[in-house]
Each structure stands twice: as structure tokens, then as C-alpha cells.
Amino acid sequence: MTCGGLRHPRHPPPLAGPRAAAPGPNRSDGNPMPPGQPGTPGQPASARIHNALLGGWNHTCADAAAADAIEDACPQARQICRDSRLFTARVTAYAAGLGITQYIELGAGLAPAPSVADTARSLLDGAARVAYVDWDQDVTEYLAYAAPGAGTDGIAVVQADLSDPAAVMTDPGLLKVIDPARPACLLACLVLHFRPPAEAEAIIAGYAARLAPGSLVAICIPRVDDEVMWARMGRVRPDAAWNYTAQDVAAVLGGLDLVPPGVGAVFGLHPGWDGVPERRREGGYTLGAIARIPLRR
Ligand SMILES: C[S@@+](CC[C@H](N)C(=O)[O-])C[C@H]1O[C@@H](n2cnc3c(N)ncnc32)[C@H](O)[C@@H]1O
């Protein structure tokens, strides 16, 4: 087993002791953060486990052990994460092709390159604007200070609970780079499954109501058809998660215009193409879709 240890120049690995007081949860309704909030020292966290599954270096040995246990339960776990990153890059490029220059990535995590900013800037140069949102302080510090391109113009990092669209979309940091009056591309990849489908539906509806017509919303979740495998994963995963169906994914994007080919396994899902290949990876795979906010509501 390999593990990297956190690479944040601004703060030491958090396992050494209690973490510094994190900025408070940014909820407009005053509710406390729901269970699953990251930050327990020594405990694996989803952002770092995800980094370990992707072969990155921003994780601890506890996270690497959790990643190994998840892979034992679901041999496709690493591919699920890779497919999400490739989908994220394809959606970013698709949005740029439509003339969209603003991106909001919910649950941005500690994924190795290419980031959304890398892809957007490679296509849009200085016009690209990116807001990363995550509630994990390890993630926000990394993205704000250590990630390639950190601190450069046009990038904002927001520490917030994504389940509060009103707070996220009025966050002063986000508003420095995102103009809600203009179309944006909202990405929620491998993160909504930490909430039940009905909640995710309300969350995405909350963002859609605050995004300009013509905006894109792309989501993807890990899908495991084999319930025994899903149950095995549940025993080793630190966070509760829901095994969304394709119908759940469609319902989360309900009321928006689905971009063809609609809901499908994202490794074969290319926006604008006619169909999703029949072939599915055995076991676990990444299921997703892209939708557009209608020009007239
Ligand atoms: C599995 S990673 C996904 C990273 C990236 N979106 C991808 O697809 O590669 C999930 C990320 O979502 C974050 N997250 C989970 N629940 C969240 C919430 N309610 N609000 C904000 N971030 C959340 C975690 O901290 C973690 O960084």
C-alpha cells in the first residue's frame, strides 16, 4: 500500500493534532452541518480517499487503506473516479464550445490534473472563470494555495455545504468570478450520492433557479447494479451513500432540457452524440447526464 501524505505548503498534515478552527458552515438557513462533515483527525475523508483512488498524493495512509478496502469491495472503484474526471473535462470542453466561460464545480475534491480550470483555460485562455466549492478544509486550502494555478485571477475557492444553493450562489468569493446573470456550467460529479435522490433533486433545483437561462448542469454518481457489491462497499466506506438509478439521475435533472444522449454510463457519454453504447462495465460504473437550463422558463 502506498500513501502520499498531504502536500499543502500552508498547513501541516492534519493528523498531527486537532485541526485549526475551520470557517463555520456557510448555511443560509442556520442549520448545523449534516452528518458526514469532514475533518475528524485521523479518519479517512472522501476527498482524500478519492485522491488515493486516482493515484494522487494528497492523502494519508488511513485514506489509502480506505481506498484499498473500497477497491476490494468494488474492483471498478478506481475506474469510476477516472470516468468522472474524464466526464468533467468533456463537459467543460462542451460548455466552452457553447461559449460558456463560467464554471462552478460542487464537491471539487483533490483530484489530480487536469482540473476544471486547466481544461477551461486551455480552451478559453484568460476568459475562463472557475469557482470551486467544497466543505472540506483540506480541499479548499489545497485549491486556494497549492494547486497549479492557485491564487491566479479568475479562480475562486468557496468552503461551503453545497446543499445550500442560496448560500453558495451568494457567496462573496464566488461572486467575484461568477456573474449569475450570464450562463454558467455547474458540475456536481461524484458528490450528490452522499444525499438521498429527493434531496439531490431539491439541491439541483435550487441551483437551477439561480443560474441564467442557457446554463449547463452536469451530474454523475457511482452506480453499482449488484446490490451485494453495493452492500459490501457500504461496510467499508466512511460516508453514507445512495445507489442512484438512471431514473433517479433523470429526476434530479427534472424540469431541465436533457442534452442528448441523455442519462448513461459516462465513459460512453459524449454530449451531442446520438447514443450511449450498450456496453456497460461489469459491476460498478459512473452514471451521469448533462442538462441545459431552458432559454425560456
Ligand atoms: C468523491 S469527491 C469528488 C471529486 C470530484 N467532484 C470528482 O468527481 O472527481 C467528493 C467531494 O465532495 C465533497 N463534498 C461531499 N459532500 C459535500 C457537501 N455537502 N458540500 C460540499 N462538498 C461536499 C467532499 O469533501 C469531496 O471533496
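A: Let's start with helix H3 (residues 77–97) and helix H4 (residues 116–124), which pack at an angle of about 30° with their axes 9 Å apart. That makes H3 roughly parallel to H4, since angles under 35 degrees count as roughly parallel because of how the classes are set, with over 145 roughly antiparallel, 65 to 115 roughly perpendicular and the rest oblique. Axes here are lines fitted to C-alpha atoms, for helices over the stretch in contact, with angles running from 0 to 180 degrees between N-to-C directions. Helices are DSSP runs (H or I, at least four residues), numbered from the N terminus.

Before going on, a word on the model: it is a predicted one, where local features need pLDDT of at least 70 and side-chain atom pairs count only at pLDDT 80 or more, while totals for chains, interfaces and linings use all residues. Residues are numbered from 1 along each chain as its sequence is written.

Who touches whom? On the H3 side you'll find Thr88, Ala89, Thr92, Ala93 and Ala96, meeting Val116, Thr119, Ala120, Leu123 and Leu124 of H4; contact means C-beta atoms, placed from the backbone, within 7 Å. By class, that's seven nonpolar, three polar and no charged residues. Nonpolar covers Ala, Val, Leu, Ile, Met, Phe, Trp, Tyr, Cys and Pro, charged covers Asp, Glu, Lys and Arg, and the others, Gly among them, are polar.

Now look at H1 (46–53) and helix H2 (residues 61–73): their axes come within 8 Å and cross at roughly 65°. That makes H1 roughly perpendicular to H2.

Technical notes
Helix = DSSP H or I, 4+ residues; strand = E, 2+ residues; numbered from the N terminus. Contact = placed C-beta atoms within 7 Å.
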